[in-house]
Amino acid sequence: MKRLVIVQDVPTQFDMPLYNEIARDGAFRLTVIYTQLCRTRGIDPEIGRAPQWDHVTEEAYERIDLASTKSRTTTGLVQRIAALEPMLVVVSGYFPSLHRKIVKPLQKLGFKVGLRSDNTLPHSNFSGVKGLVKRLVLPHWLRRYDSWHPVGNLASEYLASVSGAKRPVYMFPYNVDND
């Protein structure tokens with residue numbers, strides 16, 4: 001069965017319900033690799049507490065937490081992902097730096113790597129020295145990915161505008177179960 005690997009810093013209330021649904025659907029195997037230490041399982045660091053939705057506490061998908069130093073290295077993570085033989089690796093953002101560092105080694109091994117992004121032009125500051133660095137560096141980073149997985153139309157516009165390139169785009173929105 002084909003496998004999708006998602007690399008993300010920590011679990012969030014936005015993504016866990018979606019990942020559970022993908023896993024239950026069974027169209028492919030889903031493995032989510034969390035790269036940052038989440039000290040208390042079940043606590044969402046974005047909101048500082050455990051989510052109050054009962055379906056978020058359940059995990060139907062395969063989850064890997066990178067707690068060991070060896071696994072948190074670029075080489076260790078690339079080897080771990082390669083062993084899973086994914087059809088696609090979706091990296092959620094380019095921070096922490098480990099997320100950026102695994103792209104080229106995975107591609108050299110023949111894996112397709114996509115970028116999930118929620119950045120938008122209206123919420124980005126491209127002024128001053130920091131803005132200059134962004135304008136010089138971001139286009140190169142964004143062009144490295146085989147596909148883009150923005151959370152919405154504004155994020156898609158950001159990727160195309162900042163990179164000056166075209167890539168296949170597959171929407172990967174934040175999904176909240178309002179029920």
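Colleague: With which side chain does the side chain of Gln8 make a polar contact?

Modeller: A polar contact is a pair of N or O atoms within 3.5 Å. In this predicted model, the side chain of Gln8 makes such a contact with that of Asp15, at 3.1 Å.

Colleague: Does Gln8 count as buried or exposed?

Modeller: Buried means under 20% relative accessible area. Gln8 has 3% relative accessibility and therefore counts as buried. Gln8 belongs to strand β1, which covers residues 3-8. Leaving out residues up to four places away in sequence, the residues that Gln8 touches include Tyr19, Ile33, His99 and Arg116.

Colleague: Where is Asp118 placed, and which residues does Asp118 touch?

Modeller: Asp118 sits in the loop between β5 (113-117) and α6 (128-143). Because its relative accessibility is 38%, Asp118 counts as partly exposed. Beyond residues up to four places away in sequence, Asp118 touches Val151, Ala155 and Tyr174. With Tyr174 there is a polar contact of 2.5 Å between the side chains.

Colleague: How many residues apart in sequence are Asp118 and Tyr158, and how far apart in space?

Modeller: These two are 40 residues apart in sequence, and 8.9 Å separates them from C-alpha to C-alpha. For the protein chain, among contacts between residues at least 6 apart in sequence, 71% join residues at least 24 apart.

Colleague: How many helices and strands does the protein chain have?

Modeller: The protein chain has 7 helices and 6 strands, in the sequence order β-α-β-α-β-α-β-α-α-β-α-β-α. Of its 179 residues, 42% count as buried.

How values were computed. Residues are numbered from 1 along each chain as its sequence is written. This is a predicted model: local features need pLDDT of at least 70, side-chain atom pairs count only at pLDDT 80 or more; totals for chains, interfaces and linings use all residues. Side-chain values use heavy atoms; hydrogens and water are left out. Helices (H or I, at least four residues) and strands (E, at least two) are DSSP runs, numbered from the N terminus. Buried means under 20% relative accessible area, exposed over 50%, partly exposed in between (1.4 Å probe, protein chains only). Contact means heavy atoms within 4.5 Å. A polar contact is a pair of N or O atoms within 3.5 Å; within protein, one must be able to donate a hydrogen and the other to accept it, and residues adjacent in sequence count only if both atoms are side-chain atoms.
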